[in-house]
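The exercises below are to be worked with the sequence and the coordinates at hand. Each consists of a task and a solution in steps.

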Amino acid sequence: MRPLLKNDLESFLKRFGNFIDAEFRSIEILTPTTLKITLAAQDSARGFDWITIGFEFSGVSDARLIESSKLPHADLSEGITLIHKEDSFRFALGAYNSFSAAANSACQIKASSLKYAEGSF
């Protein structure tokens with residue numbers, strides 16, 4: 001896994017088209033403060049081939065998760081939001097313009113660090 005830095009968030013999201021119409025694959029609780037989310041998305045750096053992206057959130061201080069049985073029905077038509085503010089990252093399903101607004105998402109995570117890994121589809 002590689003760290004996803006706050007300065008790279010915008011270009012990372014652009015590379016994957018903000019994960020619009022991506023597929024939510026899984027949510028894993030690794031420890032009480034570490035979560036892993038896996039999405040499948042089209043990668044513009046690879047000719048828009050589909051790949052799997054795993055996100056690992058460490059130092060989780062707030063989260064609202066979707067049950068595993070409901071993941072295939074998660075609406076990613078608006079993509080995801082990844083925002084950094086005051087040494088925290090916020091992940092949310094949907095398009096949000098602010099850190100606090102993203103907290104209202106049906107699925108959101110607030111964590112102190114964020115890593116990602118690319119995998120095959």
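The model is predicted, so local features need pLDDT of at least 70 and side-chain atom pairs count only at pLDDT 80 or more, whereas totals for chains, interfaces and linings use all residues. Residues are numbered from 1 along each chain as its sequence is written, and side-chain values use heavy atoms, with hydrogens and water left out.

**Exercise 1. Determine the strand order of the open sheet and identify its edges.**

Step 1. Strands are DSSP runs of E with at least two residues, and helices are runs of H or I with at least four, numbered from the N terminus. Two strands pair if DSSP finds at least two bridges between them.

Step 2. Under these criteria, 5 strands form an open sheet in the order β1-β9-β4-β3-β2, with antiparallel pairing.

Step 3. β1 (2–3) and β2 each have a single partner strand and therefore stand at the edges, one side of each being left without a neighbour in the sheet.

Step 4. Within this sheet, β4 and β9 are antiparallel and joined by 7 bridges; Phe57 stands opposite Leu114 in β9.

**Exercise 2. Characterise the pairing and the burial of β7.**

Step 1. β6 and β7 pair in the antiparallel sense over 6 bridges, and Thr81 stands opposite Ala92 in β7. Their hairpin has 2 residues between the strands, and Glu86 takes a positive phi near 50° there.

Step 2. β7 is also joined to β8, by 4 bridges in antiparallel orientation. The bridge partners in β8 are Ala111 for Phe89 and Ile109 for Phe91.

Step 3. β8 is in turn joined to β5 (residues 62–64) by 3 bridges, again antiparallel, and Arg64 has Gln108 as its bridge partner in β8.

Step 4. Buried means under 20% relative accessible area, exposed over 50%, and partly exposed in between (1.4 Å probe, protein chains only). Since 6 of the 6 residues of β7 are buried, this strand is largely enclosed by the rest of the structure.

Step 5. In a regular strand the side chains alternate between the two faces of the sheet. In β7, Ser88, Arg90 and Ala92 lie on one side and Phe89, Phe91 and Leu93 on the other, and all are buried.

**Exercise 3. Locate the largest nonpolar core and describe the surroundings of Leu82.**

Step 1. A nonpolar core is a set of buried Ala, Val, Leu, Ile, Met, Phe, Trp, Tyr and Cys residues joined through side-chain atoms within 4.5 Å. The largest has 32 residues, and Phe19, Phe24, Phe55, Ile80 and Leu82 have the most contacts inside it.

Step 2. Elements that each supply at least two residues of this core include α1 (9–15), β4 (49–58) and β6 (80–85).

Step 3. With contact meaning heavy atoms within 4.5 Å, Leu82 is in contact with Leu4, Leu9, Phe12, Leu13, Phe55, Arg90, Phe91 and Leu114, leaving aside neighbours within four places in sequence.

**Exercise 4. Find the ring over which the charged end of Arg90 sits.**

Step 1. The criterion requires CZ of Arg or NZ of Lys within 6 Å of the ring centre and within 35 degrees of the ring normal.

Step 2. The charged end of Arg90 sits over the ring of Phe99, 4.6 Å from its centre.

**Exercise 5. Is Thr34 buried or exposed, and which residues does it touch?**

Step 1. Thr34 belongs to strand β3 and is buried, with a relative accessible area of 13%.

Step 2. Not counting residues up to four places away in sequence, Thr34 touches Glu28, Ile29, Glu56, Phe57, Ser58 and Val60.
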